[in-house]
Amino acid sequence: MKSFLLNGFLVLKPQLPEAFHKFIFNAMEANPPAEKSGNNCLPTLPALNQVFDDPVVSGALSSLLGPSFGMHPHRAVHLSRPGKNQQQWHRDTFWGYKLPIRYPHPTMVMAMYYPQETTLKMGPTGIKPGTQYFTIDPKRYQGSLPNHFVSDSSSDKSVICPAGSVCIIHYDLIHKGTANTSTQNRYMFKFQFYRNEFPQKPSWNCSEVKWTGWPKGLETSLSMEEVQCLEPICCSLWNWLCGSVTVFDPPTLSAKDHQTMVSLLDADSEWSRFRAAFQLSLCGDISLLITRLSHPDAQFSLCAAYALSAAPLQYHKEWSESLAKVAKAPGDAQMGALWALSEWGYQHLIKDTLIEMAQSPRVNTSIRQYAVQALGGSKQFDQSMVDALGEAMLAEKADDQLRMMAAMAFNTAAPYLKGTNAQAWLSRGLGDYHRYIQGYSLEALLRLGTPEASQIALNYLKATRWCPITTANNPF
Ligand SMILES: O=C(O)CCC(=O)C(=O)O
Ligand SMILES: [Fe+2]
């Protein structure tokens, strides 16, 4: 877990036999259109499911995302043919949509499966360890800060791996496809997995819930200084993943160090800005970070929001109350405050405001997105909250990203929705024109788990089942 928190990736070898990987590779070579199957790569080649059922892979996913993790309905086959050029460094969008604030907490990962041995010449996936928490996407950034991820290659890694390997990356890790200078095809199957519940206890074999620093011999290509910059966030994430039960000793900063950290908030280097913001958050300089949420440069305001999501709010009622006040009031700081508050599970403090924001077409779309996300993370639901989510999910004129987030919110909320009319909203979601609203509605119905909800889900699955054997040349 510490290796993942630091580096942002893990390379695993499932227990499946070599013959399995050969079978997948041969099936792809024999059926070139499968490359374009997109989300249908799984029903086209259902054996792929075995990769994610493998105990090594499913165990890692459960450790990172909690035992109730879900497989996202988005999937892709990445075929890199000989001669393919390298991509730009980037982080993936949300299937064409963007989100202003992403997820430093382990909430979503990408699992890349390589059925063949992947050598340097074949164009392995390239990754930049440790960049999963940063605010700059090197491909899309247009501001004036140095975009140093592009020029600094000192810790870059190539996922060179034996046949059958699975590389799991934090969804925000900066990566790219590299050039294929070999004479062979390289396949990579990209699947995505998401967290459905806030951690209440460690979901991995964890010997110590209290952060004790980095273990001896932890492998990383990052410099000592970079590792130090990431320690404050990793320590906070560790605490979060352990259910935030540890009595946390906030680090103390001398007045001089505090001053240094405050000035580093404006540093050119993202590593330094990031370290400073998290140090200040862990030490409780909440009001300074709240002020920074309104910074006109998104890179600075986002850094403050991410850092606020690490503040040990549970020990200081007044901190969560100050954040709640900002989250309720329209203004530049509202989105960051709303997001950070709900990352800590304190959304109940502003429940009525969330309902209003989720429903109102007059509210800015980004605010509505985080309002529905926050509502979905609640632990107690009444009918008005469920209806607010349902209305946001099926609002005709609303942005699809907002509607998707509302549908996703039903997944997080599912265990707490007994006795509400969630099933009626989700049945309507199955008929939506948007593929991921259909997908999330299906998952949420299954998570509701009542016999009636399960039956609705099964009927839908039977009707939409893809027959992998039927082709234009073999219609019946
Ligand atoms: O092909 C690869 O290894 C990476 C592809 C990728 O990152 C993308 O297309 O978004
Ligand atoms: Fe990508």
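1. Which strands each supply at least two residues of the shell around ligand 1? They are β2 (70–80) and β7 (174–177), where strands (E, at least two residues) and helices (H or I, at least four) are DSSP runs numbered from the N terminus. This is a predicted model, in which local features need pLDDT of at least 70 and side-chain atom pairs count only at pLDDT 80 or more, whereas totals for chains, interfaces and linings use all residues. Residues are numbered from 1 along each chain as its sequence is written, while chains are lettered from A and ligands numbered from 1 in the order in which they are written.

2. The residues around ligand 1 are H78, S80, Q87, D92, T125, H175, K176, G177 and M188, a residue being near a molecule if its C-beta atom, placed from the backbone, lies within 6 Å of it. The largest share of this shell, 3 residues, comes from β7. By class the shell has 1 nonpolar, 6 polar and 2 charged residues; here Ala, Val, Leu, Ile, Met, Phe, Trp, Tyr, Cys and Pro count as nonpolar, Asp, Glu, Lys and Arg as charged, and the others, Gly among them, as polar.

3. Strand β2 also belongs to an open sheet of 5 strands, in the order β1-β6-β3-β8-β2, with antiparallel pairing; two strands pair if DSSP finds at least two bridges between them. Because β1 (9–12) and β2 stand at the edges, each with a single partner strand, one side of each is left without a neighbour in the sheet.

4. E197 lies in the loop between β8 (186–194) and α7 (224–241). Leaving aside neighbours within four places in sequence, E197 is in contact with G66, S68 and T412, contact meaning that the C-beta atoms, placed from the backbone, lie within 7 Å. E197 and P415 are 218 residues apart in sequence, yet 9.3 Å apart in space, C-alpha to C-alpha.

5. As for the whole chain, buried residues make up 43% of its 476 residues, and its C-alpha trace spans about 70 × 55 × 45 Å along the principal axes.

Technical notes. A residue is buried if 20 or more other C-beta atoms lie within 10 Å of its own, exposed if 12 or fewer, and partly exposed in between; C-beta atoms are placed from the backbone. Two residues are in contact if their C-beta atoms, placed from the backbone, lie within 7 Å.
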